[in-house]
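Work through the exercises below with the sequence and the model side by side. Each task is followed by a stepwise solution.

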Amino acid sequence: MTENAASAIRVLRHWEIQGIEQLEIYRQHGGFEALEKAVTSLQPQQVVDIVKASGLRGRGGAGFPTGIKWSFIDSKNWPHYVVANADESEPGTFKDREILEYNPYQFLEGLAICAFAVGANAAYIYLRGEFWPIAASLDHQIAEMEAAGLLGDKLFGTDYSLRLYTHLGAGAYICGEETAMLESLEGKLGQPRLRPPFPPSFGLYGKPTIVNNVETLANVPLIIANGAEWYRQLGTEKSPGTKIFSLSGCVERPGNYELPLGTTFRELIFNLGGGIFNGKNIKAIMPAGASSSLIVATDEALDTPMDYESVPRLGAQLGSASMIIIDDSISISWLINKTVHFFRHESCGKCTPCREGTYWMSHLTERITQDHFSQEEVLLLKDVAGQIKGKCLCALGEFSIEAVLSGIDRFPQDFTE
Ligand SMILES: Cc1cc2nc3c(=O)[nH]c(=O)nc-3n(C[C@H](O)[C@H](O)[C@H](O)COP(=O)(O)O)c2cc1C
Ligand code: SF4
């Protein structure tokens with residue numbers, strides 16, 4: 001591990017502080033000082049400006065600058081809401097769960113600071129249905145915060161009041177998409193809305209709403225406590241700070257690794273992750289879970305920094321940084337059959353190219369893995385994927401074709417009869 005990587009723990013602080021999931025211990029280590037500082041000595045706009053200056057980018061997948069998103073809130077339309085996205089359904093992503101289970105107060109404090117910054121008096125935590133034990137713990141932690149005067153009416157003797165609520169989904173991947181999540185939170189069928197308007201102007205119950213990922217929010221208390229310049233000491237200029245990389249697949253030591261953005265793939269996979277298991281060779285990397293394009297694991301790719309600017313140069317996205325590592329015993333046609341099957345199952349069915357396209361891609365990749373296929377069928381698969389591209393209501397349709405098109409183009413040897 002490099003020296004830079006070794007000193008990079010900012011969110012997974014339970015690795016260094018035992019018992020930080022308890023309110024008392026969290027407070028002994030500076031917990032809730034940032035919230036108090038924000039509410040008692042800063043104006044909401046100043047909080048937004050600090051987060052903007054830090055360069056923090058959303059950790060839910062798109063990497064959108066967080067402070068800029070907060071500044072989009074429509075201040076003329078009230079009330080405002082914040083929704084924390086704890087749906088975490090991307091195959092290969094398991095970082096938010098670790099934060100929620102082991103360092104929950106840092107996330108809750110970040111959520112409260114966000115609510116103060118955008119003028120919201122109510123914030124919701126939308127959790128995937130399978131996280132019901134975490135929801136129960138969060139309910140307990142929220143009650144403890146209320147009892148300690150860290151939530152509720154007139155916080156720290158000011159006029160600002162805030163309540164937090166948990167809400168469980170029913171285990172649908174699409175409810176991680178922010179507008180489907182808002183529909184679900186309103187008690188409706190979880191299907192995406194047409195955008196624009198975007199949630200900061202038309203969100204929950206039609207009111208201005210900020211949706212942020214759990215990891216994004218967990219970064220906020222340290223930024224307010226230590227300042228934007230401190231935050232920028234790690235990471236790159238355009239991708240500052242640390243990121244939790246969920247490493248899985250054919251590696252010796254899978255798990256969550258919090259590292260400065262800009263750490264190379266090689267450092268993560270070989271130095272920290274222990275390399276490929278059973279002495280096999282690395283073949284491909286999916287840097288953003290099942291939604292990801294496949295990267296050919298050349299030396300050049302392995303030496304590429306993992307940040308929001310560099311990964312696209314390899315024809316992929318950093319996304320939520322769920323690094324699935326593929327070894328040379330795995331056929332890419334088999335792999336894309338698995339990803340397509342997932343998207344076919346999770347397509348909400350609202351638009352035809354995604355609903356029908358994922359069905360046909362699933363059917364064709366099934367034939368290809370069973371070796372009953374001709375090159376015409378591979379071309380047909382590419383054609384069906386091409387019909388989905390750019391024609392869907394939400395990004396799930398696009399996600400479903402990333403591995404298919406990159407797999408056929410970059411690993412043609414795995415699609416021969
Ligand atoms: C199909 C789909 C699934 C998504 N799932 C998640 C998810 O599980 N968690 C998450 O934070 N963002 C997810 N997103 C991204 C959210 O729509 C949204 O951009 C994000 O929560 C914004 O937070 P951030 O700005 O902090 O990244 C998903 C997007 C799509 C299209
Ligand atoms: S792209 Fe797929 S998941 Fe998204 S709205 Fe259309 S059918 Fe639903």
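A salt bridge is a side-chain nitrogen of Lys or Arg within 4 Å of a carboxyl oxygen of Asp or Glu. The model is predicted, and side-chain atom pairs count only at pLDDT 80 or more. Residues are numbered from 1 along each chain as its sequence is written.

**Exercise 1.** Find the salt-bridge partner of Lys 95 and state whether the two are buried or exposed.

Step 1. Lys 95 pairs with Glu 215; their closest N and O atoms are 3.0 Å apart.
Step 2. Lys 95 sits in helix H6 (residues 95-102) and Glu 215 in helix H10 (residues 214-226), 120 residues apart. Helices are DSSP runs of H or I, at least four residues, and strands are E runs of at least two, numbered from the N terminus.
Step 3. Both Lys 95 and Glu 215 are buried (under 20% relative accessible area; exposed is over 50%, partly exposed in between; 1.4 Å probe, protein chains only).
Step 4. Widen the view: Arg 59, Lys 95, Asp 96, Glu 215 and Lys 243 form a salt-bridge network.

**Exercise 2.** Describe the salt bridges that Arg 266 makes with Asp 299 and Asp 303.

Step 1. Between Asp 299 and Arg 266, the closest N and O atoms are 3.3 Å apart.
Step 2. Asp 299 is in helix H13 (residues 299-302) and Arg 266 in helix H12 (residues 265-272), so this pair ties together parts 33 residues apart in sequence.
Step 3. Asp 303 meets Arg 266 at 2.8 Å, N to O.
Step 4. Asp 303 lies in the loop between H13 and strand S9 (322-327), so its pair with Arg 266 joins parts 37 residues apart in sequence.
Step 5. Check accessibility: Asp 299 is exposed at 54%, Arg 266 partly exposed at 28%, and Asp 303 partly exposed at 44%.

Conventions. Chains lettered and ligands numbered in written order. Predicted model: local features only at pLDDT ≥ 70, side-chain atom pairs only at ≥ 80, totals over all residues. Heavy atoms only, no water.
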